[in-house]
Amino acid sequence: MEKPIIRIDKASKFYTGELGGIKDVSFQIDRGEITAVIGSSGSGKSTLLKCIYGTLALDSGIIYYDDLRVLGPDERLIPGHPNMKMVSQDFNLNIYATVYDNIGAMVSNRDLKYKGSAVTSVLEQLHISHLKSKRIIELSGGEQQRVAIARALVTNVDVLLLDEPFSQIDTLLKIQLRRDLKAIVKQRNINVILVSHDPLDGLSMSNQLVILDKGKVIQTGSPEEVYNNPRNIQVAKLLGQANIIEPEFAKFLNLVSENQLIIYPEWIQVSDSPNAFECRVVEINFQGRAEEVLIERNGLMLTMMHVDFGKIQIGDIIRIDIKKYIAL
Ligand code: ADP
Ligand code: MG
């Protein structure tokens, strides 16, 4: 096994006089991976990213990059690890300069031929070649975002740190950017660490999910591992709007449990198997690729996903089956 490229060991950062920051954060990152740090607003995601980059000093703990401690802002002439680049939410672009000049400004003029080809290559990788002569103020938020990422990538970084990279763009562009980033990571064998409040970003594009809550890591693992084995209710709710069943209600679902149960909506199916039981349809919300159906049994409400469109109506009694559940 190759050594991890980044190791975070009990990293803590406290802000004076307030709660917040991060506490005892530990995890490792392998080379060539996409790591997604997911947590609600205020959970410490940006703080963690700045500590990894070295623009914020830790109060305790250590962060290693390639076995060397990442130096804090006071320990370096230019804060920030030389092998990393961070794209923050404000992009930090020169809005009156062109796309080409914004990106080119990151490359030395010593070898103009190299500079030209380096800029051209990142413009192509991010599908923004057609924008190269435009000024930043003429671009949409999504386009500016791509320029900001291109600007970081043109410096041949090993680690790209992205703070909420998908927050300002619509769904279609989001899917495209996720794909492009995945391709770039693979092609260049670099690392991306992204933070987001949207679990879908992590589930759909990361190799490793890190779930942060109130500055602490509550779970890490591959998206599949974390989704299918959430450590607690918070993780399950965050990742998949799970149904949480208190033990005393389990019997209504023909289950017996002394613990809370987690049932994702897609684990509930309409069925005519002998185990199936009756529920009443309370609400149906069309969501394009599925209907989100709210059902009720003995006062217990459940949300299920239903793809057999138009077959059920509000007020219907339907028979359902629980395909899978997790007891905490
Ligand atoms: P996130 O990026 O997950 O929204 P942040 O890392 O920005 O969270 O912030 C985590 C917590 O630390 C928040 O409660 C925030 O108010 C607090 N915090 C962040 N930066 C500072 C600061 N410079 N001074 C004091 N408190 C801060
Ligand atoms: Mg933030």
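Buried means under 20% relative accessible area, exposed means over 50%, and partly exposed lies in between (1.4 Å probe, protein chains only).

The model is predicted, so local features need pLDDT of at least 70 and side-chain atom pairs count only at pLDDT 80 or more, while totals for chains, interfaces and linings use all residues. Residues are numbered from 1 along each chain as its sequence is written, chains are lettered from A and ligands numbered from 1 in the order in which they are written, and side-chain values use heavy atoms, with hydrogens and water left out.**View 1. The D180–R146 salt bridge.** The side chains of D180 and R146 meet with N and O 2.9 Å apart. A salt bridge is a side-chain nitrogen of Lys or Arg within 4 Å of a carboxyl oxygen of Asp or Glu. This pair links distant parts of the chain, 34 residues apart. D180 sits in helix α5 (residues 171-188), and R146 sits in helix α4 (residues 141-153). Helices (H or I, at least four residues) and strands (E, at least two) are DSSP runs, numbered from the N terminus. The structure holds 11 salt bridges.

**View 1. A salt-bridge network at K3, R7 and D67.** Salt bridges link these three residues, K3, R7 and D67, in a network. Between D67 and R7, the closest N and O atoms are 3.3 Å apart. The two residues lie 60 residues apart in the chain. R7 belongs to strand β1 (residues 6-13), while D67 is in the loop between β4 (60-65) and β5 (68-69). D67 has 38% relative accessibility, so D67 counts as partly exposed. R7 has 28% and is also partly exposed.

**View 2. The D24–K23 salt bridge.** The side chains of D24 and K23 form a salt bridge, with 3.7 Å from N to O. D24 is partly exposed at 42% relative accessibility. K23 is partly exposed too, at 35%.

**View 3. The surroundings of ligand 1.** Which residues are closest to ligand 1? They are G42, G44, K45, S46 and T47, and 12 residues surround the ligand in total. A residue is near a molecule if one of its heavy atoms lies within 4 Å of it. By class, this shell has one nonpolar, nine polar and two charged residues. Here Ala, Val, Leu, Ile, Met, Phe, Trp, Tyr, Cys and Pro count as nonpolar, Asp, Glu, Lys and Arg as charged, and the others, Gly among them, as polar.

View 4. A polar backbone atom of G44 is 3.0 Å from an oxygen atom of ligand 1. For K45, a polar side-chain atom lies 2.9 Å from a ligand oxygen. For T47, an N or O atom in the side chain is 2.5 Å from an oxygen atom of ligand 1. On its own, ligand 1 has 570 Å² of accessible area, and the protein covers 62% of that area. Accessible areas come from the Shrake-Rupley method with a 1.4 Å probe.

**View 5. An aromatic cluster of Y227, Y264 and W267.** These three residues, Y227, Y264 and W267, form one cluster. The whole structure has four aromatic pairs. Y227 and Y264 are stacked, at 3.9 Å centre to centre and 10° between the planes. Y227 is in helix α7 (residues 223-228), and Y264 is in the loop between β12 (261-263) and β13 (268-270). The rings of Y264 and W267 have centres 4.8 Å apart and planes at 80°, so this pair is edge-to-face. Rings of Phe, Tyr and Trp (its six-membered ring) pair if their centres lie within 6.5 Å; planes under 30 degrees apart count as stacked, over 60 as edge-to-face and the rest as tilted. Y227 is buried at 16% relative accessible area, Y264 at 0% and W267 at 6%.

Terms used: Polar contact = N/O pair within 3.5 Å; in protein donor to acceptor, adjacent residues only side chain to side chain.
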